[in-house]
Amino acid sequence: MPERKPRRSAGTPPSVPDITSGYDELNLGRLALISGQKTVPGTLRRWQKQVTTPDGRPVIITCTVPDDQVVPHGLDNDFMVGLVNLCFEAGLPDGPFSVSAYGLLKASGFSDSAQYYRSLEESLVRLNKASYTIDEGWFVQGPHGWTTQSFAQVSYLSYSRSRTGVQGTSVVTVQLAPPVMESLRAGYIKPLDLNFYRGLSQPLVRAVYRQLDALHFDESTADGLVRELTAPLMAWGNRLGLLSDRPDNVVRTLTPAHEELQAKGYVAAVEITGRGRDKVVRYVFGPPPQGEHPGLAALLTDRGVKQGVAVRLSTVFPERIEEAARRFDHYLKVSQRPVGNPGGLLVAMVQRPEDFSELPGYRNQSGAEARAPVKRAGQRTARQGADENEADLAQEDVRLAALSGTDLVDWMLRQLSVLGILKHFTVPERARLADVVLAGNLDGRHLVRAATRAMVGGAPAIGAVVQDVRAHL
């Protein structure tokens, strides 16, 4: 999970942050809960739309607001992006966090003017009052996957105002919805180029970019990036919150956004084909994103991580990459068997460093040693590396063959923790597992080998191993 900074008191606004490299929570970016239209009818109190998950599942999203409100739209997208990034700056606190109204304007990319202070107050109220229900379309990392959630994006709101309204020194205190906070802490986020985002001219252009960028990163593809995206035009317009049911109006509304994103090189081409309501829009993305830390991303891709995933992780967790690479190299050196999915293992080491804190034989580097560059795979001679690995593996095989009793149980539990398997069992189940291995009813070495092979197959294969173990408990 992202590193947490020292918590601040809810009543003490932080200094104005200079946020230029930011993050977007992937569910918010992908589901487009806020209409991209600059304005909406003043009587619009409810909408419902259907979108699809990256794996093609249909999702129904409903938004409702009280009678004295209108659904979130336009600049509300920008203020929500600002709040997400300010939440990171506040250290992902367990409760509300505070910022000055001026600080929130700056984090959202707006100038210090009476117009934007009025917009800020209106947006905060809408984000607090609008209730969303997402039917099996909110992704939660872990065994649950797609879940149903009901929430307001800003679950708590407090702010001060003068007789003329919100001013720069007004203190704004907010708490983001629990599912949003859980996603942020779990690292279900992607980099968002805030300089590029803020440089776009209109709310709709920014909404199209944010939606495309969320869909551009897809870990199921060969390199973690989608090269092009195709969607039915009317479904795409509905996803973005466009209210027109006429294809020609949707095309006309989207054209300025398409032209601007092409002019800036984000998309290489936009094609709209077909007739009437059967029109289809196709986006071809521009050059792959490089991220702010290409050297760190290279440490990941050199070890089997997909390019898109490497860019995302090196942007979100730059302070973790080198240590994770060292631990990964050590694990490959001492592992009893080849790792079937090295890229997936390294991703886990970056995202969940606490699961790999006790690697057998690993000494955590500190000081000058920790700052030394990580050796790339090819810096040693091939012959030297092969000899060392063969000797280490032979010694490891002899050592493991001699393990028995509690020593075997301790080794097994450490290995299952390293692989991220142990977390799937409750504390009582772990105790029973130890008893079963001690009694000789289950071979701990065989279990570790099966768990290692399951890393190749991903969640289904890991789930099968977990269920097989439970059958022995």
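Reader: What does aspartate 223 touch, leaving out residues up to four places away in sequence?
Author: Aspartate 223 touches Lys306, Gln307, Gly308 and Val309, where touching means heavy atoms within 4.5 Å. This is a predicted model, in which local features need pLDDT of at least 70, side-chain atom pairs count only at pLDDT 80 or more, and totals for chains, interfaces and linings use all residues. Residues are numbered from 1 along each chain as its sequence is written, and side-chain values use heavy atoms, with hydrogens and water left out.

Reader: Which side chain makes a polar contact with the side chain of aspartate 223?
Author: That of arginine 227, at 2.4 Å (N or O atoms within 3.5 Å, one able to donate a hydrogen and the other to accept it; residues adjacent in sequence count only if both atoms are side-chain atoms).

Reader: And where is aspartate 223 placed?
Author: In the loop between α7 (203-216) and β10 (228-232). Helices (H or I, at least four residues) and strands (E, at least two) are DSSP runs numbered from the N terminus.

Reader: Switching topic: is serine 183 buried or exposed?
Author: Serine 183 is buried, at 5% relative accessible area (buried is under 20%, exposed over 50%, partly exposed in between, with a 1.4 Å probe and protein chains only). It sits in helix α5 (residues 178-186), and its side chain makes a polar contact with that of glutamate 25 (3.0 Å).

Reader: What about the sheet, in which order do its three strands come?
Author: β4-β8-β7, an open sheet with antiparallel pairing (at least two DSSP bridges per pair). β4 (97-100) and β7 (154-159) each have a single partner strand, so one side of each lacks a neighbour in the sheet.
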